[in-house]
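Here's a quick briefing to read with the sequence and the 3D view side by side. Take it one topic at a time and find each residue on screen as you go.

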Amino acid sequence: MTEEEEAKCKKTSHSTLRQIAIAAIIAAARINNGLVIGWPSKLPKIQSEEDGLPISEEDIAWLASMMGLVYIVACFITGPLDELLGPKRLLNLVLIPLPACWLLQAFTPNVSFLYVGRGLSALCGAMIATLVSPLLAELCDTKHRGMVSTLAEIMLDIGLLTSYSLAKSLPWRLATALCAVPFVILILLTPFVPESPYWLVEKNKVKEAERALLRLRGAKASVSEELNAITSTMVQRNPSLYEQISKLKRARYAQPVILVTVIFMLREIGGPNVIFLYSVYMFTRTGVKLDAFTCSILIGIVRFTFTIIAAIVLDRVGRRPILQYSSLACAGAATIAGAVLIGDLEGSSWIPLAAVLLFVAAYGLGLGPVPWVLIGELLPTPVRALGASLVTSFGYLMLFIMNFVFPLVIKRIGLGWTLIFFALANLVLTMVVWAHLPETNNKTLQELETIFCKEHMEASCKQCTDDSTTPSQSNFSIPAIRIQESDDDWASVQIKNGQVIAFYSNNAYEKSEEEKV
């Protein structure tokens with residue numbers, strides 16, 4: 001290796017480490033989501049300990065599920081605030097009250113304040129969840145985007161595992177109070193994170209965007225090409241809520257938002273968060289010989305381990321196959337657990353535990369991290385703020401419904417049949433991914449802007465040529481046809497032998513291999 005190549009390699013390594021360090025700070029905010037999801041594991045101790053509170057079965061259902069309702073409200077607040085303040089600055093502001101929210105839950109004198117603390121920590125968590133994935137996608141370069149986006153899910157898993165561990169080993173008030181500690185540290189670290197260059201360009205702060213890119217890529221890095229690509233993309237980005245709603249009427253913007261929304265909703269109907277929220281109660285019902293708190297910790301360890309594996313393989317294997325096979329594995333695991341519980345076989349109490357751990361492993365590998373990666377990658381830039389709010393709000397609506405009705409459903413039809421229902425939902429999700437999800441791996445955000453536009457154009461042109469072509473006219477070409485959607489939003493296509501050979505838009509140009517030859 002020459003000295004020049006060695007210097008280039010060292011420069012690239014420093015840039016990668018810098019991006020990972022910044023991404024880790026941003027992603028660490030998702031620890032709160034894991035703590036919020038795992039906190040209901042402390043409810044049995046709140047009922048049984050001397051300094052506990054008089055909570056009813058109805059309180060348990062509401063305290064476990066209320067975060068879904070709070071998340072829906074937060075999603076629609078986050079979008080406008082994101083556009084007004086910038087994602088990084090808003091993230092800073094959201095983190096500031098978090099320690100107080102957890103301390104309020106820990107030292108609450110009555111159940112009413114417990115609801116308030118739970119609601120506020122969930123509100124902050126929902127805003128964090130909506131902000132983190134798009135911000136990671138916008139700050140990191142293409143080749144590292146899958147890995148750093150998965151960091152957010154790893155941090156959530158750390159929060160979940162921490163919550164389960166604290167619930168097992170400490171009194172509930174101390175265990176809840178310690179949840180405030182990570183955010184005191186994080187508040188001190190977030191000033192080192194640059195603002196999103198996409199948001200800065202949108203606000204005509206091009207010089208600041210360039211400085212942000214230099215902080216990410218290195219002081220001596222050449223960022224002019226990347227800055228030009230961002231500027232080209234941001235020609236279409238419109239902060240106006242009305243204009244974002246107008247754009248969602250067009251197929252090229254609506255289709256990816258609908259697809260990611262369906263993936264999120266089916267994921268929640270498949271029951272993963274029910275398992276995480278009600279793990280202690282579930283394992284108590286199944287008669288597992290191990291302590292229910294120990295089983296919950298096993299769930300946290302398995303999920304954390306397989307999310308780390310996902311971070312390693314996601315950029316190598318791709319999003320589509322991992323999501324497809326992980327949802328299929330979740331369907332199989334839920335079917336096995338449900339069938340054993342329905343059959344009530346003697347000496348088989350270990351099988352539901354093994355099946356649930358398999359479910360959690362598959363979830364950690366794909367169903368957990370990949371949908372959040374898709375929010376940052378697949379939602380078009382002009383509607384990303386509104387799209388992210390819509391996707392997460394519908395996902396959290398299903399989360400609330402599933403968590404709230406779960407205790408009622410298992411009383412009515414039993415845990416076994418409930419798990420069979422989860423299996424069917426995961427099977428439907430597998431088919432949706434197989435039929436409709438394009439691969440986003442190794443594509444820039446600028447390239448991803450055109451995926452659904454190009455597919456729509458190819459389908460329209462194929463129908464046109466099928467209707468007009470005769471056997472004697474099989475070899476022909478059509479000059480580029482321009483389609484104008486608005487003054488700053490257009491695309492054109494060129495056809496040869498019934499195939500799209502060139503596709504143009506105001507921010508992309510692609511040619512088929514045939515045309516390049």
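This is a predicted model: local features need pLDDT of at least 70, side-chain atom pairs count only at pLDDT 80 or more; totals for chains, interfaces and linings use all residues.

The chain has 517 residues, and 56% of them are buried. Its secondary structure comes to 25 helices and four strands.

**The chain as a whole**

- Take the contacts in the chain with a separation of 6 or more: 79% of them join residues 24 or more positions apart.

**Helix 21 and its two partners**

- Helix 20 covers residues 350-367 and helix 21 covers residues 369-378. Their axes are 5 Å apart and the packing angle is about 15°.
- How do helix 20 and helix 21 run, roughly parallel or roughly antiparallel? Angles under 35 degrees count as roughly parallel, so these two helices are roughly parallel to each other.
- On the helix 20 side, the contact uses Y363, G364, L365, G366 and L367, while helix 21 brings P369, V370 and P371. Sorted by class, that makes six nonpolar residues, two polar ones and no charged ones.
- Now look at helix 15, residues 251-269, whose axis comes within 10 Å of the axis of helix 21. The two cross at roughly 170°.
- Anything over 145 degrees counts as roughly antiparallel, and therefore helix 15 and helix 21 get that label.
- Helix 15 makes this contact through P256, L259, V260, I263, F264 and R267. From helix 21 come P371, W372, L374, I375 and L378.
- Which classes of residue turn up in the contact of helix 15 with helix 21? There are 10 nonpolar residues, no polar ones and one charged.

- You'll find T130 in helix 7, which spans residues 111-139, and C75 in helix 4, which spans residues 57-85.
- Is T130 buried or exposed? Its relative accessibility is 6%, and the cut-off for buried is under 20%, so T130 counts as buried.
- C75 counts as buried too, because its relative accessibility is 0%.
- The side chain of T130 reaches back to A126, with 3.0 Å to that residue's backbone oxygen.
- Setting aside neighbours within four places in sequence, T130 is in contact with C75, T78, A388, S389 and T392.
- Under the same rule, C75 is in contact with T130, S389, T392, S393 and Y396.
- There's also a spot where C75 and L123 come together: they are 48 residues apart along the chain, yet their C-alpha atoms are separated by 9.0 Å.

- D82 is another residue of helix 4. It counts as buried because its relative accessible area is 15%.
- Beyond its neighbours within four places in sequence, D82 is in contact with P87, L90, L131 and W199.
- Helix 5 runs over residues 87-95 and is mostly covered, with seven of its nine residues buried.
- Which residues of helix 5 are buried? They are P87, K88, L90, L91, N92, V94 and L95.

- With 0% relative accessibility, D157 counts as buried.
- If you skip residues up to four places away in sequence, D157 touches R303, F304 and T307.
- How far apart in space are D157 and G300, C-alpha to C-alpha? The answer is 6.6 Å, even though 143 residues separate them in sequence.

**N204 in a loop**

- N204 sits in the loop between helix 11 (197-202) and helix 12 (206-217).
- Most residues other than glycine have a negative phi. N204 is not a glycine, but its phi is positive, about 60°.
- Where the aspartates D82 and D157 are buried, N204 is exposed, with a relative accessible area of 67%. The cut-off for exposed is over 50%, which is why N204 gets that label.

Terms used
Residues are numbered from 1 along each chain as its sequence is written. Side-chain values use heavy atoms; hydrogens and water are left out. Buried means under 20% relative accessible area, exposed over 50%, partly exposed in between (1.4 Å probe, protein chains only). A polar contact is a pair of N or O atoms within 3.5 Å; within protein, one must be able to donate a hydrogen and the other to accept it, and residues adjacent in sequence count only if both atoms are side-chain atoms. Contact means heavy atoms within 4.5 Å. Axes are lines fitted to C-alpha atoms, for helices over the stretch in contact, and angles run from 0 to 180 degrees between N-to-C directions. Angles under 35 degrees count as roughly parallel, over 145 as roughly antiparallel, 65 to 115 as roughly perpendicular and the rest as oblique. Ala, Val, Leu, Ile, Met, Phe, Trp, Tyr, Cys and Pro count as nonpolar, Asp, Glu, Lys and Arg as charged, and the others, Gly among them, as polar.
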